[in-house]
Amino acid sequence: MSYLVSVLYIIAFAMFIYGLSGLTGPKTAVRGNYIAAAGMALAVVAVLIDIRDTENWGLIIGGLAVGIILGVPPALKTKMTAMPQLVALFNGVGGGTVALIAWAEYLESTSFTTLDDQPTVVMIVGSLFAAIIGSISFWGSLVAFAKLQELLNKNLERKLVASAKLFQLANIVLVLASIAIAVYIGISADGEPLASWWILALLVVAGLMGLFVVFPIGGADMPVVISLLNALTGLSAAAAGLALNNQAMIVAGMIVGASGTILTNLMAKAMNRSIPAIVFGAFGGGEAAGGVASASGGTVKATSASDAAIQMAYANQVIVVPGYGLAVAQAQHAVKEMAALLEDRGVEVKYAIHPVAGRMPGHMNVLLAEADVEYDAMKEMDDINGEFGRTDVTIVIGANDVTNPAARLDSTSPIYGMPILNVDQSKSVIVLKRSMSSGYAGIDNPLFTADNTSMLFGDAKKMVSEVTEELKAL
């Protein structure tokens, strides 16, 4: 049986890696997810075979049932607009699970002192590391979920962002406290059993650290934060796997940790910011209250659906820039219908995708793919930026910070140096928004008052549908 378990693990690990490689392209992403999920199911089977002599089958089956009941319905019913929140929540559950495993291991061994074999350094350090990082990931992910779900009052969120320095000082104290508690537990592992509240104290201190790290981080940085927390969950799972000598947790955790770290670094580069600057810089406390005038003092030119339709109908090339506003309005199908009419008239339609548009990596790609937009029509930022100067009309739907020319032109702007989509270089720009409100970075966008920009105010789906009707009438 031990050989069978080893073979199943090897097959499962190969499926993890092969499935992950499928996520490099949209055409293979779904297949990759299925393969990786099948690999995880195989790893679970291997674990169950490995513990076949246990007397706790009732608890195990009950745990599997609870996981299925709590996991499958949200995954099936959650809309794409809320997918970032679901990712944050599920990631937090993973981190919390690792923290509970570390706690259980501590209690099971009576503070690492009454094991059949003497506790090893790997077991002690792995368990304590998993407890700290898992707890940080759990509570930090809950805050990220609350921010993305807009459960926090806007005024409260701004105050939290403004208090970043205080949270940083508090976190320095919490880091030192968690290290001190972990060291005390570790060096006492071969002595008298410690009271179980020491591990609880460690979990509480680490949990506070998770809260205090994410509290002051603004919504503009939330995609990077989710990716970072995902990487931390993977590393904590790998540490717990080392402590338990569980190969499945080690390999899966390291894959998640490594891929999450790479993704976090890529997203930080896409924002031209370092990861420490994102974690400790804290700007963007949620969408500012919007009015009908721009803070830049420029003139806003409003347009109508009919005028927008005429501009696009007689263009050679139109670029669509999707943002979170498109996701909120669920306007992807309306955009696809509008694009089909333009293409029937001989207009070339492309979609410009910024790496951090939306609330998670690939958010816009998934939405557009849901509406059967061709993958080849979706262009990444580096591939499309050279096209804007030759584009007749660019229509920006709900995107804000990723199209803000201040990132390129204003050295005093907090987003200066962040790579953006150069939509302002188009011959004509139509920005579709509900109001003149700022984006998640909470700063003004001079694109809205540029000479070549006109604003089409209203719900994205409704206004795109009106443009489509006008196109049909031409």
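Reader: Is D459 buried, exposed or partly exposed?

Author: This is a predicted model, in which local features need pLDDT of at least 70, side-chain atom pairs count only at pLDDT 80 or more, and totals for chains, interfaces and linings use all residues. Residues are numbered from 1 along each chain as its sequence is written, and side-chain values use heavy atoms, with hydrogens and water left out. Buried means under 20% relative accessible area, exposed over 50%, and partly exposed in between (1.4 Å probe, protein chains only). The relative accessible area of D459 is 23%, so D459 is partly exposed.

Reader: With which residue does the side chain of D459 meet in a salt bridge?

Author: A salt bridge is a side-chain nitrogen of Lys or Arg within 4 Å of a carboxyl oxygen of Asp or Glu. For D459 the N to O distance is 2.9 Å. The partner is R434.

Reader: How many residues apart in sequence are the parts that D459 and R434 tie together?

Author: D459 lies in the loop between β6 (453-457) and α18 (460-473), and R434 in the loop between β5 and β6. Helices (H or I, at least four residues) and strands (E, at least two) are DSSP runs, numbered from the N terminus. The pair therefore ties together parts that are 25 residues apart.

Reader: Which residue forms a salt bridge with D392?

Author: D392 is buried, because its relative accessible area is 17%. The closest N and O atoms of the pair are 3.4 Å apart. The partner of D392 is K427.
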